[in-house]
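Please open the structure in the viewer and follow the selections below in order. Each stop names what to select and then describes what is found there.

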Amino acid sequence: MSAQSSPHPHASIARRKIAEALFKVLGLCSLAIAVGTLALLFGALLFEGITRIDWQFLMSYPSRHAAQAGILSAWVGSTLIMLVTAVVGIPLGVAAAIYLEEYARRTWMTELIEVTVTNLAGVPSIIYGLLALGLFVYIMGLGESILVAGLTLALLTLPVVIVTTREAIRAIPVEIREAAYALGATKWQTLTHHVLPYSVAGILTGIILALSRAIGETAPLVTIGALTFIAFLPPAPVTTHPPYLSFDWLLSPFTVMPIQMFGWVSRPGEDFIGNAAAAGVLLVGMTLTMNGVAIYLRYRMRKQVSW
Amino acid sequence: MSKSIVAGQEVIRIKKPDARVEAASRRRARQRREQVIKGGLFFAALISVAATVTIIAVLLSESVGFFRTVPLTDFFTDTLWTPLFADPHYGILPLLAGTLVTSGVGLLVAIPLGTVAAIYLSEFSSSRLREVMKPTLELLGAVPTVVYGYFALVVVTPSLQLLWPDLPGFNMLGPGIVIGIMIMPFVISLSEDAMRAVPMVLREGSYAMGATRLQTAWRVVVPAATSGIVAAYVLGISRAVGETMVVAIAAGQNPNLTWNPLEPAATITAYIVQVALGDLPHGSIGYQSIFAAGLVLAVMTFAFNILGHIMRKRFREVY
């Protein structure tokens, strides 16, 4: 430290104190920029969009006239796709996590699985779109449908579910498992009676985070042919005549909230900006709520559990 | 199990099996069930391998068709990218330049601000502020990218136009800045983790020598956490390169070989979106071109991800 040789130690201490104070200000400013952005972003969205959100907006199909356009087909599409994503992605992700955490021995196969999970978490989402376009749409011939969109997002969110579930399972102390084994329980009994019930809050956190990511994804759904102008709803999953359940909706074309917003943003002219902002308000509101719930769950879990 | 069945006058007695045999067979059944469950779970875990392999296979197989028409030398040296024009050119350079410029602007925002914020959070802030900031940053990372795209087009670019009045409505600067703000939480959170992993004794040694917090942070903590911090940058780069919606909305759609962020230009991702929005027949050269572009993108992000994870492992192993 060069200050050692300074003839005026007080001056050098004062200098360091100033440097430190300056850095603190700098640090706070950087944080403020990061967080201030969120506030500014939401403020700008609210300012443009809040007046557009009403019953008509929620219950109308897209239209060439900005004032009559709505997001009915978009939110119905988002809901149905989330359903597919959840039904496919959650069991797969949780099962994979259980295998990696409880069963897998340290072999090259396990190593390979771990590397691919980490890698998949970093693959840009649009690459998943290309995968889905090549595999689901053309090779498997499933078309540009709700099913394909749901499967794509299930793959996309798989790493999130796997990583958070593993963390939740790992947090359960090994003594719990040993106690169950000592009483003659099998591995699966130990898992279903003890480990999984105790880690359910953590797993739930992961699921919510995964779904909140899926609900905002745009790029992969653009690649598999989501449309921005859909003026009908998919066939209803529940019908009035036997067998009362219909799966035709799985193969229906779709649009989702972020795609609808993208469509409105990229339209030339000012008319549709208000609609885009309104869709944005709903979208940000949904993802922030979901994330808030997940963060709260995790916080509660950390506070409550003391093994 | 024993029961008697009365059928007419005949009484059939089913013999009670030996208890030990029964227990053994139950155990076998249970073990079989355990094996089946283990197999099922294993297959679920294999999905990630299958997905990775399929991504590579799909990108490669469609690109092979593309490179049958387009020689590799053209792909890497031609300065025009116009696959859908009557006179098609297939030079990836303009798209690559667009991707590098927008990511570069993003990194110029995210790395300095992110590093300073991370040092502040790790070394200076009260634990209460840290407890509040971490989840807030997480929320920031959860906002859908299409919303950030709106932000770039409707808020950031018009604000920049106050500074540069002749800045076009589509440009690379605005989306670049927004990408920077987007990856900042990620950079902050990863590099803060790296700095917090530096053992307290190193800091205490430094304080004992009379160093201030700032000196300790810069000359002890940051050097000790370098590989973790660099890993955060590298993973941030990978995100910036793969970012799609912000540039597709706000950077323009025309491939444009320029290094000037004030100009509009398409990125690799924006090109894929643009083509996918149109209606290209399966198997056409335009259709194949998005897979070739995707392959370049995948190779870049794979490389950055692997590099980043190697560096992250290193910082964990030092202590």
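Begin by selecting the residues at which the two chains of this predicted model touch: the contact draws 68 residues from chain A and 75 residues from chain B. On the side of chain A that touches chain B, next highlight helix H1 of chain A (residues 9-49), which gives the most to that side, with 17 residues. Colouring that side of chain A by residue class shows 46 nonpolar, 18 polar and 4 charged residues.

Remain with chain A and colour its domains. The domain assignment gives domain 1 as residues 2-50 and domain 2 as residues 53-304. The C-alpha centres of domain 1 and domain 2 of chain A are 38 Å apart. Where these domains meet, select 6 residues from domain 1 of chain A and 8 residues from domain 2 of chain A, which make up the contact. On the domain 1 side of that contact in chain A, there are 4 nonpolar residues, 1 polar and 1 charged.

Now move to chain B and select helix H4 (residues 127-142) together with helix H6 (residues 173-196); their axes come within 8 Å and cross at roughly 140°. Because of that angle, H4(B) is oblique to H6(B). The crossing in which H4(B) passes H6(B) is left-handed.

To view the contact itself, show the side chains of Leu137(B), Glu138(B), Leu140(B) and Gly141(B) on H4(B), and of Pro185(B), Phe186(B), Ile188(B) and Ser189(B) on H6(B). Sorted by class, the contact of H4(B) with H6(B) holds 5 nonpolar, 2 polar and 1 charged residues.

Methods. Residues are numbered from 1 along each chain as its sequence is written. Chains are lettered from A and ligands numbered from 1 in the order in which they are written. This is a predicted model: local features need pLDDT of at least 70, side-chain atom pairs count only at pLDDT 80 or more; totals for chains, interfaces and linings use all residues. Axes are lines fitted to C-alpha atoms, for helices over the stretch in contact, and angles run from 0 to 180 degrees between N-to-C directions. Helices (H or I, at least four residues) and strands (E, at least two) are DSSP runs, numbered from the N terminus. Angles under 35 degrees count as roughly parallel, over 145 as roughly antiparallel, 65 to 115 as roughly perpendicular and the rest as oblique. A crossing is left-handed if the near helix is turned anticlockwise from the far one by less than a right angle, and right-handed if clockwise. Two residues are in contact if their C-beta atoms, placed from the backbone, lie within 7 Å. Ala, Val, Leu, Ile, Met, Phe, Trp, Tyr, Cys and Pro count as nonpolar, Asp, Glu, Lys and Arg as charged, and the others, Gly among them, as polar. Domain bounds come from an automatic or database domain assignment.
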